[in-house]
Amino acid sequence: MRDDSALVLFSGGQDSATCLAWALDRFGHVETLGFDYGQRHVIELQTRQAMRDALCRDAGWAAKLGEDHVLDLRALGGISDTSLTRDVAIEMETGGLPNTFVPGRNLIFLTFAAALSYRRGIKNIVTGVCETDYSGYPDCRDDTIKALQVAINLGMERRFVLHTPLMWRDKAATWELAEQLGGPTLVEAIRTVTHSCYLGDRTPHEWGAGCGTCPACELRAAGWRKYRCN
Ligand code: ZN
């Protein structure tokens, strides 16, 4: 395994794009991984290549950025009755989680990422999960990721390191990290290229593209305003 290699779970959103920049700044060789799990809107997957191009062109990381992988996990959509994979409205469920929650998604993503890293000889796995924002998804918790690192390393007889650079950052602090990593050029690339909107809307706003009213857009808009005021 190469100690200076990393695989970034890269969806094409603000968080994973910032994680990709973080990995390119820190490691010598970085590959990306996306999942097709039957998302209602394929726009996220389409923005991935545009963001990879921007990181090479604008930030000068072309020499470090390696292969892109996309794995077909549509079986996950088949067993998940959520607003991300079915055409139903976003709402809170009785258990306190929004119906955007896909049960076990990050557990499955990280296990597949580790299997791919095993084959690619990659030591570091980077994911943009975060405890501070979003809706209390239990598979984004720091304890969940730490426990999963132990389970994966036991189960695969490896010493993978799972990195969560955004775990304790809110959305404003994530913009600040992007600014530290790549200055205003990187912030502008992430603002204009990445996609967060649950509804697949690309209407332009000062904080990026989206419908402006879904939970992901509200979170992104609030984070941008807080970042601009700091
Ligand atoms: Zn939206």
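Is L76 buried or exposed? With a relative accessibility of 5%, L76 counts as buried, because the cut-off for buried is under 20% relative accessible area. Keep in mind that this is a predicted model.

**Around L76**

L76 sits in helix α3, which covers residues 74-79. Leaving aside residues up to four places away in sequence, L76 touches Y37, V102, P103, R105, I108 and F109. Take R105 from that list: L76 and R105 are 29 residues apart in sequence, and their C-alpha atoms are 7.8 Å apart in space.

**The chain as a whole**

Stepping back, the protein chain has 230 residues, and buried ones make up 53% of them. Its secondary structure comes to 7 helices and 7 strands. Read from the N terminus, the elements go β-α-β-α-β-α-α-β-α-β-α-β-β-α. As for contacts with a separation of 6 or more, 68% of them are between residues 24 or more positions apart.

Now to the start of the chain.

| Pair | Sense | Bridges | Residues facing each other |
|---|---|---|---|
| β1 (residues 2-9) and β4 (residues 122-126) | parallel | 4 bridges | R2 and I122 |
| β1 and β2 (residues 29-36) | parallel | 5 bridges | V8 and T32 |

To get from β1 to β2, the chain passes through helix α1 (residues 14-26), and this β-α-β crossover is right-handed. So what does R2 stand opposite in β4? That residue is I122. In β2, T32 is the bridge partner of V8.

**The zinc site**

In an unreviewed UniProt entry, the annotation "binding site" covers C197, C211, C214 and C217. These residues span 21 residues in sequence, yet no two of their C-alpha atoms are more than 6.9 Å apart, so they gather at one spot.

Which atoms coordinate the zinc ion? They are the SG atoms of C197, C211, C214 and C217, at 2.3 to 2.4 Å. In sequence, the donor residues follow the spacing C-x13-C-x2-C-x2-C. The angles among the 4 donor atoms run from 106 to 117°, and the site of the zinc ion is tetrahedral. The reasoning is simple enough: four donors count as tetrahedral if all angles lie between 85 and 135 degrees.

C214 lies in the loop between β7 (208-209) and α7 (215-229), whereas C217 belongs to helix α7. C214 is buried, with a relative accessible area of 4%. C217 is buried too, with a relative accessible area of 1%.

What does C217 touch, once residues up to four places away in sequence are set aside? The answer is C197, W207, G210, C211 and G212.

Notes: Residues are numbered from 1 along each chain as its sequence is written. This is a predicted model: local features need pLDDT of at least 70, side-chain atom pairs count only at pLDDT 80 or more; totals for chains, interfaces and linings use all residues. Side-chain values use heavy atoms; hydrogens and water are left out. UniProt positions are given in the numbering used here, feature names are shortened, and annotations may be inferred rather than shown by experiment. Helices (H or I, at least four residues) and strands (E, at least two) are DSSP runs, numbered from the N terminus. Buried means under 20% relative accessible area, exposed over 50%, partly exposed in between (1.4 Å probe, protein chains only). Contact means heavy atoms within 4.5 Å. Donors are N, O and S atoms within 2.8 Å of the metal (3.2 Å for Na, K and Ca); water is not among the atoms, so sites may look incomplete. Four donors count as tetrahedral if all angles lie between 85 and 135 degrees; four count as square planar and six as octahedral if opposite donors are over 155 degrees apart and all others between 65 and 115; anything else is irregular. Two strands pair if DSSP finds at least two bridges between them. A crossover is right-handed if, with the strands pointing away from the viewer, the path from the first strand over the helix to the second runs clockwise.
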